[in-house]
Amino acid sequence: MASDLNALLDYVVTRAEQLGASSADAVASDYVEGNVRVRLGEIEELTRARERQLGLRVFVGQRQAISATSDLRESALEGFVQGVLAMAQLTAEDPHAGPPDPSATGATHGDDPALYDPAAEGFDLERGLVWALEAEKAALDDPRMKNSEGASFGFGAGLRAFRASGGVSGSYRSSSFSGSVTPVAEVDGAMERDYWYSSRRHVKDLQPAAEVGLIARERTLRRLGARRLPTGERVVVFDPMMASGLLRSLAGALNGNTVYRGASYLRDKLGQSIASSLVTIVDDGSLKGGIATRPFDGEGLVSRRNVLVGGGVLERFLTDTYSARKLGTVSTGNASRGVGDGPTVGTTNLHLLPGSLSPAQLLDGIADGFYVTELIGFGVNVTTGDYSQGAAGVRILNGQLDHAVSEVTVAGNLATMLADIEGIGSDLDLHRGTSAPSLRLRRLMVAGE
């Protein structure tokens, strides 16, 4: 399979050069995925699909064009290459367009056992069905659990290959498995829902179905009897899932494309303190076994560990080759590329380094605070840093979790929120693409009653 894709890539890149391209690069993938979904013990969805695609980017001077095809016959590829070159001739010149310096690329062939589970080859979805049914059964094992939005199991696996002018080439296999469940509880006519999920590279490492169901059940039951909070500033603790969401919002402001367009509130902050000294944020495409790990990025550059914020100081932005040129710097190896798309900036294993406090210790000394377990909406403006989202969670009274909270809004500004981080938990889970431990903020506006 790998040799077939590599031969196809060699053909289209070489043919593009023969037809007049100053340079070209191409990606190809052979990917299989399967999904099963159940609800109340009945199968609602069972699918399996396989897709083989090839994408080509050509440069004619500083003009470029990109296209993709799933017709991989040699006779069809000849017309495909000609069409992409014709498109390039019609585009405007861009002084920053062009491939990375070949000497900077480092794509290589080889499979990392930490990224690929051989069990994914011909994986039997019956195993996924059993997992989903067991997870839902565990989630509903309480008289207060009255309904379910379903449980699901999915897997994906395949080969990705890359080839560029100058002889740079590489390929690797990867796999992923995931499962989730969303139960519904009801007491006195009031209904609440929550969920839990697990994702891993290897199926044997997936959280047991019963454990995922139990966590989903406990999270759902915790939401019963929810009330609003009095409006005012208070100490706020984000659980790891919500802290990860905060990190995803910040990633938009750290994106080189956003920065060179002047649309990031951090655009002039390199070398300055932008957060509490407790905060160190890393994007690591080389993290062993990470769910977003890859040996090279969408332009063939070797994946690496980038410290974005160190001890509260902004050290660098995430860039691909194009955004790096616009900013007068070099790529951080963060080019993300779909088969039919040009490279753009993306995160890999983005995480905020953990502290030494347990989740319980983060609550110590909080007389009246808010523990956030759900955020609703997209109220984050990375141009100004303004932040406002609907929220739910649990009230903190005298250092203990008290009653459930819903229908409130948390609001502030990312700059102030990051500076106000006064405690970081030890509960970092690196099995997610973007991850953070629990975070304690000394103050945040909570609008309720």
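By class, the lining of the largest cavity has nine nonpolar residues, no polar ones and no charged ones. For that count, Ala, Val, Leu, Ile, Met, Phe, Trp, Tyr, Cys and Pro are nonpolar, Asp, Glu, Lys and Arg are charged, and the others, Gly among them, are polar. Before I go on: this is a predicted model, where local features need pLDDT of at least 70, side-chain atom pairs count only at pLDDT 80 or more, and totals for chains, interfaces and linings use all residues. Residues are numbered from 1 along each chain as its sequence is written, and side-chain values use heavy atoms, with hydrogens and water left out.

So, who lines that cavity? Ala243, Leu246, Leu247, Leu250, Ile281, Leu352, Leu418, Ile421 and Leu439 do. Helix H5, residues 240-254, gives the most, with four residues. Helices (H or I, at least four residues) and strands (E, at least two) are DSSP runs, numbered from the N terminus. A cavity here is a set of points on a 1 Å grid over the protein atoms alone where a 1.4 Å probe fits but cannot get out, and lining residues have an atom within 4 Å of a point. The volume of the largest one is about 50 Å³, taken as the space filled by probe spheres set on the points, which are joined across faces, edges and corners. How many cavities of 30 Å³ or more are there? The count comes to four.

Next, Pro437, in the loop between E19 and strand E20 (439-447). Pro437 counts as buried because its relative accessible area is 0%; the cut-offs are under 20% for buried, over 50% for exposed and partly exposed in between, with a 1.4 Å probe and protein chains only. Leaving out residues up to four places away in sequence, Pro437 touches several residues, including Ala243 and Leu352, where contact means heavy atoms within 4.5 Å. Both of those also line the largest cavity. From Pro437 to Gly355 is 82 residues in sequence and 7.9 Å in space, C-alpha to C-alpha.

Now over to Arg432, in the loop between strand E18 (421-424) and strand E19 (434-435). Is Arg432 buried or exposed? Buried, because its relative accessibility is 13%. Its side chain makes a polar contact of 2.7 Å with that of Tyr197; that term means a pair of N or O atoms within 3.5 Å, and within protein one must be able to donate a hydrogen and the other to accept it, with residues adjacent in sequence counting only if both atoms are side-chain atoms. Beyond four places in sequence, Arg432 touches Trp196, Tyr197, Met241 and Ile291.

Definitions and conventions. 1 Å grid on protein atoms, 1.4 Å probe; cavity = no way out; pocket = protein on both sides within 12 Å on 5 of 7 lines; lining within 4 Å.
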